[in-house]
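The following note sets out numbered points on the structure shown below. Each point takes up one feature and may be checked against the coordinates.

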Amino acid sequence: MKFGKSVCIINVGGTKYAFPKDVIKDFPLRRVSRLHGCASEREVLEVCDDYDRERNEFFFDRHSEAFGFIMLYVKYGKLRFVPHMCELSFYNEMIYWGLESSHLEFCCQRRLDDRMSDTYTHFIEEHHGTDDEFRTDASSNGKRDSKWLERMRRTFEEPTSSLAAQILASVSVIFVIVSMVMLCASTLPDWKTAESNIVEEHRYTDSLEHPSGIIEAVCIGWFTAECIVRFIVSRDKCEFVRRPLNIIDLLAITPYYISVTMTVLTGENSQLQRAGVTLRVLRMMRIFWVIKLARHFLGLQTLGLTLKRCYREMVMLLVFICVAMAIFGALAQLLEHGLDLESGNEEYASIPAACWWVIISMTTVGYGDMYPITVPGRVLGGLCVVSGIVLLALPITFIYHSFVQCYHELKYRSARCTQSLSAEFLN
């Protein structure tokens, strides 16, 4: 296009930038550089929103502050997010002007990846549901089946998707609580004594005759049915098996069926089988059913998402603690025992033993089972406690901000699901 003036004005959201027309040709932003190749005003309007031929001004109805940060990248070569602006919104502005995520600084790339990983999973599920409905549009029966499976999947996987899903989630939580109460009560001495008396009276009868056995069987039956239905209605069976919560469900219900199988094959009472160390360990794994509550409570979901996003900070925290344990443990062993082998503090006879003292001191727990008795050792103990407070506080800020961000994101999603539920109920 033959520009009327030697200076081109770029107007983005009310903010104007003036460039020589020679600069427009090789401008780093592809959308701006495309203006130089336009042969008519119609082609110009395909690139920008409006054009003033008299003033040679190109109008772009975009975010002016975001474009200002993009211009800083053009000038200095460093691109960062706009403060207090959604990462995805800024990324949309980048795509509009012809930039990619690789142009971002590393810290901003990480923020974008974390945000896109959650949003991508959410929207991919919606797109899959749309694709399934589109592919089954030719057949009314297939479409009804697809909608029914999708409704079932949402009922079991998304507790806030419908009234039936909320009721199902409430029942599942009740069964989890009952199962945990029974598991904890079974370790009480009085409970064990009563259970042993019943075993002596009914040595060759099934433990299901005991009330605890009936309750346990009902809970296991519910969890088994829930897992089977969720597996049937899931879109990707392989992905379902690989999910951590589903693996925990499988490990929690497996010991019960192993016990029942051994009872059928050997004829031995299942209460006697639980005396075995292996089955006791497997049976105690039922405590992981508490993690199932993460499907129904926003707080546990926030905790899990925060740990997922802050795994680098968690690793950094562990590295800090391990380095401090190695340094203070070696010094404590030397000051308390190594300098005087005859009358030294025997509790610090080895570095691993001293490392135990270091970890309980750095975390300010202080069990009191071992403590330094020499003056240099006590000075070292004070330094160890102060160092522990400082080292533990360093990554906490990042983890806290990530926790707040995850909480608001999940709360926003929950509010949207609640609104859709209310609209569905009113309709």
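**Notes on the predicted model**

1. Helix 16 and helix 17 cross in a right-handed sense. In this predicted model, the axes of helix 16 (residues 311–338) and helix 17 (residues 351–362) come within 8 Å and cross at roughly 120 degrees. Angles of 65 to 115 degrees count as roughly perpendicular and those over 145 as roughly antiparallel; helix 16 and helix 17 are therefore oblique to each other. On the side of helix 16, the contact is made by Ile 321, Ala 324, Met 325, Phe 328, Gly 329, Ala 330, Ala 332 and Gln 333. Helix 17 contributes Ile 351, Ala 354, Cys 355, Trp 357, Val 358, Ile 359 and Met 362.

2. As to the overall picture, the protein chain contains 19 helices and four strands. It has 427 residues, of which 35% count as buried. Among contacts in the protein chain with a separation of 6 or more, 61% are accounted for by residues 24 or more positions apart.

3. The aromatic pairs number eleven. One of them joins Phe 19 and Phe 27, whose ring centres are 5.1 Å apart with the planes at 70 degrees; the pair is edge-to-face because this angle is over 60 degrees. Phe 19 and Phe 27 are both buried.

4. A further pair is formed by Phe 60 and Trp 97, with ring centres 4.9 Å apart and planes at 55 degrees, so this pair is tilted. It links distant parts of the chain, since Phe 60 belongs to strand 4 (residues 57–60) and Trp 97 to helix 5 (residues 87–97), 37 residues apart. Phe 60 and Trp 97 are each buried. Ring pairs also bring these two residues into a cluster with Tyr 17, Phe 67 and Tyr 96.

5. Two charged side chains are placed over aromatic rings. The charged end of Arg 31 sits over Tyr 96, 3.8 Å from the centre of the ring; Tyr 96 is also a member of the cluster described above. Lys 237 lies over the face of Phe 231, at 5.9 Å from the ring centre.

6. Is Glu 93 buried or exposed? Glu 93, in helix 5, has a relative accessible area of 8% and is therefore buried. Residues up to four places away in sequence being set aside, Glu 93 touches Arg 62, His 63, Ala 66, Ile 70 and Met 85.

7. Cys 108 is located in helix 6 (residues 106–135) and counts as buried, at 4% relative accessibility. Apart from neighbours within four places in sequence, Cys 108 is in contact with Arg 80 and Phe 81. The C-alpha atoms of Cys 108 and Leu 79 are separated by 8.5 Å, the two residues being 29 residues apart along the chain.

8. Asn 56, which is not a glycine, has a positive phi of about 55 degrees. Asn 56 lies in the loop between strand 3 (50–52) and strand 4 and counts as buried, at 0% relative accessibility. His 84, likewise a residue other than glycine, has a positive phi near 65 degrees. His 84 is placed in the loop between helix 4 (64–76) and helix 5 and is exposed, with a relative accessible area of 88%.

Methods: Residues numbered from 1 in each chain as written. Predicted model: local features only at pLDDT ≥ 70, side-chain atom pairs only at ≥ 80, totals over all residues. Heavy atoms only, no water. Phe/Tyr/Trp six-rings, centres within 6.5 Å; stacked < 30°, edge-to-face > 60°. Buried < 20%, exposed > 50% of the residue type's maximum accessible area, 1.4 Å probe, protein only. Helix = DSSP H or I, 4+ residues; strand = E, 2+ residues; numbered from the N terminus. Lys NZ or Arg CZ within 6 Å of the ring centre and 35° of its normal. Axes fitted to C-alpha atoms, helices over the stretch in contact; angles between N-to-C directions. Parallel < 35°, antiparallel > 145°, perpendicular 65-115°, else oblique. Left-handed = near helix turned anticlockwise from the far one by under 90°. Contact = heavy atoms within 4.5 Å.
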